[in-house]
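Look at the sequence and the 3D view before you read on. Turn the model around a few times, then follow the tour.

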Amino acid sequence: MTRPAGATLLLRAEGLFFAAVGLFLFAVGGESWWLFAALILVPDLSMLFYLGGPRLGAVGYNAFHTYCAPLLVAAIGWFGNQGGLLTVAIVWLVHIGIDRALGFGLKLPSGFRDTHLGRIGRA
């Protein structure tokens with residue numbers, strides 16, 4: 001898939017922005033950094049969907065790597081006065097932001113290395 005370099009750069013910058021804002025919110029929230037360390041890679045458990053093949057893998061992985069789900073959890077945490085949910089959502093947003101900033105995008109059904117930001121690794 002060919003994409004203008006400017007568009008990819010913008011999407012990666014957006015990820016860096018989300019990661020930075022999330023890290024700031026986590027820091028001012030006063031939660032333990034041990035909790036952050038314990039939660040930061042949890043969304044990557046969605047790679048287990050690839051055991052069912054690349055199509056199911058992409059759907060499962062992408063479900064846990066879009067901003068929609070953690071933003072919904074954050075809203076529930078905020079309006080429901082559930083600080084734990086808000087903390088989980090913030091760490092989840094940081095995870096996604098770091099992934100995007102590093103070029104790990106949403107997966108395409110053609111394979112794990114094919115993403116909306118381009119191909120991961122060597123061609």
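**Confidence**

This is a predicted model. The chain has a mean pLDDT of 90. Of its residues, 93% reach 70 or more. Confidence is highest in helix 2, at 97. Confidence is lowest in strand 3, residues 118–119, at a mean of 68. Where pLDDT is low, the predicted coordinates should not be read in detail.

**Helix 5**

Helix 5 covers residues 83–101. How far apart are its end C-alpha atoms? They are 27 Å apart.

Gly83 belongs to helix 5. Its relative accessible area is 44%, so Gly83 counts as partly exposed. Leu85 is also placed in helix 5. At 36% relative accessibility, Leu85 is partly exposed. Setting aside neighbours within four places in sequence, Leu85 is in contact with Val73, Ile76 and Gly77. After helix 5 comes Gly103, with a positive phi near 95°.

**The core**

The largest nonpolar core has six residues. They are Phe26, Phe36, Ile40, Ile90, Val91 and Val94. Helix 5 gives the largest share of this core, three residues. Now pick out Phe36. Its contacts, leaving aside neighbours within four places in sequence, are Leu23, Phe26, Val91 and Val94.

**The aromatic rings**

How many aromatic pairs does the whole structure hold? A search finds seven. One of them joins Phe18 and Tyr67. This pair is stacked, with 4.1 Å from centre to centre and 20° between the planes. It links distant parts of the chain, 49 residues apart. Phe18 lies in helix 1, residues 5–29. Tyr67 lies in the loop between helix 3 (54–63) and helix 4 (68–79).

Tyr67 has 12% relative accessibility, so Tyr67 counts as buried. Phe18 has 24%, so Phe18 is partly exposed.

Ring pairs join Phe17, Phe18 and Tyr67 into a cluster. Arg100 also takes part: its charged end sits over the ring of Tyr67, 5.0 Å from the ring centre.

The buried residues of helix 3 are Gly57, Ala58, Gly60, Tyr61 and Asn62. They pack against helix 5, strand 1 (107–108) and strand 2 (111–115).

Ser46 sits in the loop between helix 2 (33–39) and helix 3. Its relative accessibility is 4%, so Ser46 counts as buried. What does Ser46 touch, not counting residues up to four places away in sequence? It touches Gly60, Tyr61, Phe64 and His65.

**Distances across the chain**

| Pair | Apart in sequence | C-alpha to C-alpha |
|---|---|---|
| Glu14 and Ala101 | 87 residues | 7.4 Å |
| Gly83 and Glu31 | 52 residues | 10.0 Å |
| Leu85 and Ala38 | 47 residues | 15 Å |

Glu14 has its place in helix 1. With a relative accessible area of 37%, Glu14 is partly exposed.

Most residues other than glycine have a negative phi. Which way does the phi of Asn81 go, positive or negative? Asn81 is not a glycine, yet its phi is positive, about 55°. Find Asn81 in the loop between helix 4 and helix 5. Its relative accessible area is 70%, so Asn81 is exposed.

Conventions. Residues are numbered from 1 along each chain as its sequence is written. This is a predicted model: local features need pLDDT of at least 70, side-chain atom pairs count only at pLDDT 80 or more; totals for chains, interfaces and linings use all residues. Side-chain values use heavy atoms; hydrogens and water are left out. A nonpolar core is a set of buried Ala, Val, Leu, Ile, Met, Phe, Trp, Tyr and Cys residues joined through side-chain atoms within 4.5 Å. Buried means under 20% relative accessible area, exposed over 50%, partly exposed in between (1.4 Å probe, protein chains only). Helices (H or I, at least four residues) and strands (E, at least two) are DSSP runs, numbered from the N terminus. Contact means heavy atoms within 4.5 Å. Rings of Phe, Tyr and Trp (its six-membered ring) pair if their centres lie within 6.5 Å; planes under 30 degrees apart count as stacked, over 60 as edge-to-face and the rest as tilted. A charge sits over a ring if NZ of Lys or CZ of Arg is within 6 Å of the ring centre and within 35 degrees of the ring normal. The expected span of a helix is 1.5 Å times one less than its number of residues. pLDDT is the predictor's confidence in each residue, from 0 to 100.
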